[in-house]
Amino acid sequence: DSDAVIDVRIGALGEHGTLLLADDLTRAVRVEETRRDFVANVSHELKTPVGAITLLAETMEDAAEDPDAVRRFAGRMQSETHRLSHLVQEIIELSRVQGTSALPDAEPVEIDDVVSEAVSLNRNYALGAKIEVALGGADGLQVFGSAPMLTTALSNLISNAIAYSDPRTRVGVSVRRDGGMVEISVKDQGIGISKENLERVFERFYRVDRARSRSTGGSGLGLAIVKHIANDHGGEVTAWSLPGQGSTFTLRLPEMGRTETITAGERRAA
Ligand code: ADP
């Protein structure tokens, strides 16, 4: 393992000179530690649903004579399998965004399109919840980046807002511009998050209430994915919450104005 770190160090030394050495070494060690933690967490998280499915299959075998019981177990196996496949999907998504610091296929992205796509992805899931969209002032707002990634990020925020609220409450999605940044906010009237937890919700696999998150099919990866995508776009994601009152998650992304378009083009040409 330490060989890999030293390799990175020598590579960086040859290319950039000695000054960067310490920093690159720490970075390489940090990347390696993060990777190791991630693998450990993934294995741990996968064990739970796989264990449950195994147990259900065994129990089902014992209950073979009782069609009602078989049906019941089959139903539970289906929901465990569903959860497992959602988890695997999010693991793949996170390792994809973690692995890249540059954006693949970056291009001008219309914020309206991202919002309507993310909202429509959540329509069926919303059931009783009412998603209200306020695009005030978002007309023609653009950012430079990846539309599918931004849609994933916003969709994760919207699905959380729905998951952690009572049915038939309101979820508001609004867009505004603020000092060269585009701000997309998702506001719910749900259970909210306490201050101690709010500081940790962006960590991978962190869930405030594992039982509730499990029943909503949560993996604890959604917000980590959002954070990566925001950072990759030169932006950030912030959260505000009052327990019992609701939460607001805000994505802030650099707005792509006319000047920036030219600069980005020149930069590419250079
Ligand atoms: P999960 O898949 O569990 O939803 P996330 O990374 O998306 O994982 O969120 C991490 C945790 O943050 C959730 O388990 C939940 O406890 C909390 N959380 C996220 N969004 C909200 C929200 N809108 N309202 C209340 N709690 C939330």
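View 1. At 8% relative accessibility, Phe249 counts as buried (under 20% relative accessible area; exposed is over 50% and partly exposed in between, with a 1.4 Å probe and protein chains only). This is a predicted model, in which local features need pLDDT of at least 70 and side-chain atom pairs pLDDT 80 or more, while totals for chains, interfaces and linings use all residues. Residues are numbered from 1 along each chain as its sequence is written, and side-chain values use heavy atoms, without hydrogens and water.

**View 2. The pair Phe202 and Phe249.** The structure holds two aromatic pairs (Phe, Tyr or Trp rings, the six-membered one for Trp, with centres within 6.5 Å; planes under 30 degrees apart are stacked, over 60 edge-to-face, the rest tilted). The ring centres of Phe202 and Phe249 lie 6.1 Å apart with planes at 70°, so this pair is edge-to-face. Phe202 sits in the loop between helix H6 (195–198) and helix H7 (210–215) and Phe249 in strand E7, so the pair ties together parts 47 residues apart in sequence. Helices (H or I, at least four residues) and strands (E, at least two) are DSSP runs, numbered from the N terminus. Phe202, at 15% relative accessibility, also counts as buried.

**View 3. The largest nonpolar core.** A nonpolar core is a set of buried Ala, Val, Leu, Ile, Met, Phe, Trp, Tyr and Cys residues joined through side-chain atoms within 4.5 Å. Among the 49 residues here, those touching the most other members include Ile111, Leu154 and Ile158. Elements giving two or more residues include helix H5 (147–163) and strand E7 (246–254). H5 supplies the largest share, eight residues.
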